[in-house]
Structure formats: structure tokens, C-alpha cells
Amino acid sequence: FTLLGIPGLESLHRWLSIPFSSMYLVALLGNVSLLLVIKMEPSLHEPMYLFLGMLSLTDLVLSSSTLPKLLAILWFGRKGIGFHACLAQMFFIHSFTAMESGFFLAMAYDRYVAICNPLHHTAVLSKALLAKVGLAVVARGLLLFLPHPFLVGRLPFCQSKVIVHSYCEFMALLKLACADTAASGGYSLALAFLIGGFDVCFISLSYGLILRTVCHLPSREAGFKALGTCSSHICVILVFYTTAVFSFLTLRFGHNVPHSVHILIANVYLVVPPTLNPIIYGLRSKKIRDR
């Protein structure tokens, strides 16, 4: 296949590479630093920070599955990508995005137990349970999106093999196939809605219960302190889901928006959360900041 990068903005490719390469560098340094700090500091071996470590690993894979190829296109014009490499990139993007959402849900549950049932926090969220939750999130992302490469791999591509995008996206590949792809597209869309809807509903439920508990605390200071432990998590959730919803809405309903803007937003959706997550936690978590 041939990836066009950001069509319509070819003259700006070199300039666009500056913010994207800067964000990728920050994402790499920030997430690797977070992982090292969590590993080296025994006091951070708590559920919230262990889930944060899992999220950082997911961010590293997610950003590294798209940014190196995008930068190769912007810097050197290397637009070609092998068929199997394209399928692998597509699989990693979709499955690790689902994992990121799953880890946000796990972290919301951790905050719910820590605030609503603090005396049993350690007993409920034991290391054995943390491992099972981590494996469940990874398994969900891998297994549910495992059909994607096979659905695309069996399709005939008898016309253009030019992908009007900067990475191999499932729907963009389906548009190139000269076969009926309604069932495959419906499966992917239903999966995205189910995973996103499930995670958002239970994250909202967790924070609804947290707010109810905080409102019944004896002092306002205790309430603010409890909410303060959630502030970092709320910020990274807002960054992830806001960019995701914005990308989805512009793609589905922004018919008058230039295609280059659609592709820029799609790239921002994949690179901004991995870049900002370690910065937000580094600034707002005193333990991580001090270390």
C-alpha cells in the first residue's frame, strides 16, 4: 500500500514533523520515566500507580505504532508500507486504544474503592487481582480486534492501493476493497461503540459514587483532599475521550471539513494522550513529582 500522509498539506510536511516529533519524544521520555520511577520507588507499588505503569506501556506501544511511520513520510517521503506490516499496524492501533480505555476503567475502579471503601482497599485490590485485571484488559483488546487483520486480509484489492491517510486504519482499508464490506464495517463500528460505551458508563458510575461519598464526608477539607487524589485521573480521561469523540464526530458529520483536517485530528487523537498522560501525572501527583 501507499500512505499519502496528510494530503493537501504536502508543502507543510517538514513543518508538521516538528510538533509530531516533539510530542513523540516527550511521550517516549515521559512514559519511560514514569515506568522507571514506579519500578524503583517501593512506595509507588500501589494499585493506582501499578495501573498507571500499565497505561504507560500501552501509550508507548500506541505512539510507536504510528509516529515512526508518520515521521518517515513527513521527513523522507517514504510512503510505501508492506501488506502484512499494514495489517499489523492496524491491529496494534485498534487493540491498544481499547486497552488504554480499559486501563482508565480499572483506575476509576481503584479510586472508587480507595474513597468509598478505604479500609478494605488493600484487601480488595490485591496484587493477584491487579494481575487478573491487567490480563483481562490486555486479552479484551487483543481478542476482540484479532479478527480485523483476517477480515482485511481476505479482501481483494483490485483497484487503487493508495490509502488516503497517514496510517493503516481499518475503515480506510475497507474503502479500497472491491468487495462488499458492510458486515466487516458494521462489526468494527459496533465493537468501538460497545467498548467505548461500556467503559464510559462504568467510569461515570464510579465517579458518581465517589461524588456521593465525598458529599457525605464530615468536612469540606476532607472532601477536597479525596477529590484531589482523583484529579490526575480525571484529567487524562478527559484528554483521551475528548480527542476520541472530537475525532469521531468530525469524521462522521464534518462533511465540509477538509480531509487533511480529518487526518490531522486522527493523528492528534493517537499522539496527544500518550504525550500528556505522563506530564499530567508528573505535575499533579506529589509522590511522582518528588521522585
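Author: Starting with Asp-199: at 0% relative accessibility it counts as buried. Buried means under 20% relative accessible area, exposed over 50%, partly exposed in between (1.4 Å probe, protein chains only). This is a predicted model, so local features need pLDDT of at least 70 and side-chain atom pairs count only at pLDDT 80 or more, while totals for chains, interfaces and linings use all residues. Residues are numbered from 1 along each chain as its sequence is written, and side-chain values use heavy atoms, with hydrogens and water left out.

Reader: What does Asp-199 form a salt bridge with?

Author: Arg-140, with the closest N and O atoms 2.9 Å apart. A salt bridge here is a side-chain nitrogen of Lys or Arg within 4 Å of a carboxyl oxygen of Asp or Glu. Asp-199 lies in helix α9 and Arg-140 in helix α6 (residues 127-145), so the pair ties together parts that are 59 residues apart in sequence. Helices (H or I, at least four residues) and strands (E, at least two) are DSSP runs, numbered from the N terminus.

Reader: How many salt bridges does the structure hold?

Author: It holds 4. One of them joins the side chains of Glu-46 and Lys-287, at 2.9 Å from N to O. Glu-46 is in the loop between α1 (13-40) and α2 (47-64), and Lys-287 is in helix α13 (residues 286-290), so this pair ties together parts 241 residues apart in sequence.

Reader: Which buried lysine has no salt bridge?

Author: Lys-69, which lies in helix α3 (residues 67-76). The nearest side chain of opposite charge, Glu-10, is 15 Å away. For charge, Lys and Arg count as positive and Asp and Glu as negative; His and the chain ends are not counted.

Reader: What does Lys-69 touch, then?

Author: Leu-3, Arg-78, Lys-79, Gly-80, Ile-81 and Gln-89, leaving out residues up to four places away in sequence. Contact means heavy atoms within 4.5 Å.

Reader: New topic. How many disulfides?

Author: The count comes to 2, taking a disulfide as a pair of cysteine sulfur atoms within 2.5 Å. Cys-86 is joined to Cys-168, S to S 1.9 Å. That link is left-handed, with -120 degrees about the S-S bond. Cys-86 lies in helix α4 (residues 83-116) and Cys-168 in the loop between β2 (162-163) and α8 (170-176), so the pair ties together parts 82 residues apart in sequence. Both cysteines are buried.

Reader: And what does Cys-158 join to?

Author: Cys-178, also S to S 1.9 Å. Cys-158 is in the loop between α7 (147-153) and β2, Cys-178 in the loop between α8 and α9 (182-215), 20 residues apart. Cys-158 is exposed, with a relative accessible area of 55%. Cys-178 is partly exposed at 27%.

Reader: Back to α4. How many of its residues are buried?

Author: 25 of the 34, so α4 is largely enclosed by the rest of the structure.

Reader: Where does α12 bend?

Author: At Val-271, by about 30 degrees, with Pro-273 following within four residues. The bend at a residue is the angle between axes fitted to the seven residues ending there and the seven starting there.
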